[in-house]
Amino acid sequence: QVQLVESGGGLVQAGGSLRLSCAASGSIFNINAMGWYRQAPGKQRELVAAIISSGNANYADSVKGRFTISRDNAKNTVYLQMNSLKPEDTAVYYCNVQGRSTYAYDYWGQGTQVTVSS
């Protein structure tokens, strides 16, 4: 059984920083992409940032220059450093892991709340 455990969410003032972490545990092999999505109230879930095993990353236009995604392959962990936070960054942030072992898989974390006050 695979678990994604997220941490690092919370309440921060505009302009502040937070760092999210997501550790994948259990029988998980050959992780390809690791990413962060977010969902604000009344809105669809959207991609924030993703990083593949080679280290190449892509970001939503709204977070470019402010957020940085990174991963530790030895620990099956992905991080999201969020700087210069804005109230519009307020959302539940979800970790996502995709890969293929004997079959393709796509796992989600339980979500962590990020609230940015103005």
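Author: A nonpolar core is a set of buried Ala, Val, Leu, Ile, Met, Phe, Trp, Tyr and Cys residues joined through side-chain atoms within 4.5 Å, where buried means under 20% relative accessible area, exposed over 50%, and partly exposed in between (1.4 Å probe, protein chains only). This is a predicted model, in which local features need pLDDT of at least 70 and side-chain atom pairs count only at pLDDT 80 or more, while totals for chains, interfaces and linings use all residues. Residues are numbered from 1 along each chain as its sequence is written, and side-chain values use heavy atoms, leaving out hydrogens and water.

Reader: Which residues of the largest nonpolar core touch the most other members?

Author: In soluble globular proteins, nonpolar side chains tend to be buried together. The largest core here has 30 residues, and those that touch the most other members are Trp36, Leu80, Met82 and Tyr93.

Reader: Which strands each supply at least two residues of this core?

Author: Strands are DSSP runs (E, at least two residues; helices are H or I, at least four), numbered from the N terminus. Those that each supply at least two residues of the core are strand 3 (18–25), strand 4 (31–39), strand 5 (46–51), strand 7 (67–72), strand 8 (77–82), strand 9 (91–100) and strand 11 (112–117).

Reader: Does Arg66 count as buried or exposed?

Author: Arg66 sits in the loop between strand 6 and strand 7, and its side chain makes a polar contact of 2.8 Å with that of Asp89. A polar contact is a pair of N or O atoms within 3.5 Å, of which, within protein, one must be able to donate a hydrogen and the other to accept it, and residues adjacent in sequence count only if both atoms are side-chain atoms. Its relative accessibility is 10%, so Arg66 counts as buried.

Reader: Which residue in strand 9 is the bridge partner of Met34?

Author: Strand 9 is mostly covered, with 7 of its 10 residues buried, and strand 4 pairs with strand 9 in the antiparallel sense over 8 bridges. In strand 9, the bridge partner of Met34 is Val97.

Reader: Which residues does Ala57 touch, not counting residues up to four places away in sequence?

Author: Ala57 lies in strand 6 (residues 57–59), and at 37% relative accessibility it counts as partly exposed. Contact means heavy atoms within 4.5 Å. Not counting residues up to four places away in sequence, Ala57 touches Ala50, Ile51 and Ile69.

Definitions and conventions: Pairing = 2+ DSSP bridges.
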